[in-house]
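Subject: Structure handover

Hello,

Here is the structure I promised to pass on. My notes follow below it.

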Amino acid sequence: MKSPETINAIVKIADEFDLEPVALLAICHVESGGKVFARVGGRLEPLIRFEGHYFDRRLSAGKRKKARAGKLASPRAGAIANPRTQAARWALLRRAEEIDRQAARESVSWGLGQVMGAHWAWLGYGSVDKLVGEARAGAGGQVRLMVRYIVKAGLAPAIAAHDWAAFARGYNGPGYKKFRYDKKIASAYRRYRKLDLTGPSDGSEMPETLRPGTKGQAVADLQQKLCALGYPLNIDGDFGPATRDAVRRFQRGNNLPASGVADRQTLTAIDKAMPLSNSGSTMLGWLSRIFQTLFGR
């Protein structure tokens, strides 16, 4: 969850569903362990967990027999172990899909929120494939799937009240205390809020020009925005060749002189292109800096 894309998605969706962004960030971090994607077969995929006991009870007698023989199903929860790597888990899912595609996908918890595919109808998706498509649609899809579950389960008031025990009980089940989910979320929330001494700035100050060789926070803010707009960069506050090339690509795509220099015209165009409002864009930069401070990136 260190990428501006993920932070941007969390902030946008929190605003859409009237949730506190920092609270949702804390929950997402605890639920995902800070990791949103795994590379599987050359593609970035959401993290999954296959539940063999779910699969077992969704199959006809003939299919159940085949799945049990293949060590894909069991009536006992936890009897079908998940492989250590995500690539191996996706391979296990593919084997299960060969027996029954819908039942297999319903028997997986998807994405950073680990929402079960079996909830697709309850959450208002047209099919389990629609739910899976949301989870595979990037960081935003994973966050939206998680938040749809949170809202449907009536857990938004617990987030608003910062009642982490009530949230963890509703989201993680009665065994939440064993894994200290409430304590972990409370700790993450305090860490984020502790860094917010003054809140995000109003963004009124804009540098006249950023060019190759420039260093500092203004360059880091520019790099964050370029990442959010689909021009991936290391956010290091150093206007080097990669930043120059990203600026050029943005300029070419927006009918601006492709100088590679971020002048006021280019900076204004970047702000207007951001998927958030100006205040949301400032919030994005602020939250990105929080993540960089906490996780060293």
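A word on terms: contact here means heavy atoms within 4.5 Å. Please note that this is a predicted model.

**Helix pair H13/H14**

By that cut-off, Leu222, Gln223 and Leu226 of H13 meet Thr243, Ala246, Val247 and Phe250 of H14. Sorted by class, this contact holds 5 nonpolar residues, 2 polar ones and no charged ones. H13 covers residues 217-228, and H14 covers residues 241-253. The two pack at an angle of about 50°, and their axes lie 11 Å apart. H13 is therefore oblique to H14. The crossing of H13 past H14 is left-handed.

**Nonpolar cores**

The largest nonpolar core has 59 residues. Which of them touch the most other members? They are Leu24, Phe55, Trp110, Leu145, Ile150, Phe167 and Tyr171. Helix H2, residues 21-32, contributes the most to this core, with 8 residues.

Take Leu24 as a case. Setting aside neighbours within four places in sequence, Leu24 contacts Ile10, Ala14, Val143, Val147 and Ile150. Another core lies apart from the largest one. That other core has 16 residues, including Leu210, Val247, Leu267 and Ile270.

**Whole chain**

The protein chain has 16 helices and 7 strands. Of its 297 residues, 48% are buried. Among contacts between residues at least 6 apart in sequence, 58% join residues at least 24 apart.

Best wishes

Notes:
Residues numbered from 1 in each chain as written. Predicted model: local features only at pLDDT ≥ 70, side-chain atom pairs only at ≥ 80, totals over all residues. Heavy atoms only, no water. Core = buried A, V, L, I, M, F, W, Y, C linked by side-chain atoms within 4.5 Å. Buried < 20%, exposed > 50% of the residue type's maximum accessible area, 1.4 Å probe, protein only. Helix = DSSP H or I, 4+ residues; strand = E, 2+ residues; numbered from the N terminus. Axes fitted to C-alpha atoms, helices over the stretch in contact; angles between N-to-C directions. Parallel < 35°, antiparallel > 145°, perpendicular 65-115°, else oblique. Left-handed = near helix turned anticlockwise from the far one by under 90°. Nonpolar A, V, L, I, M, F, W, Y, C, P; charged D, E, K, R; others polar.
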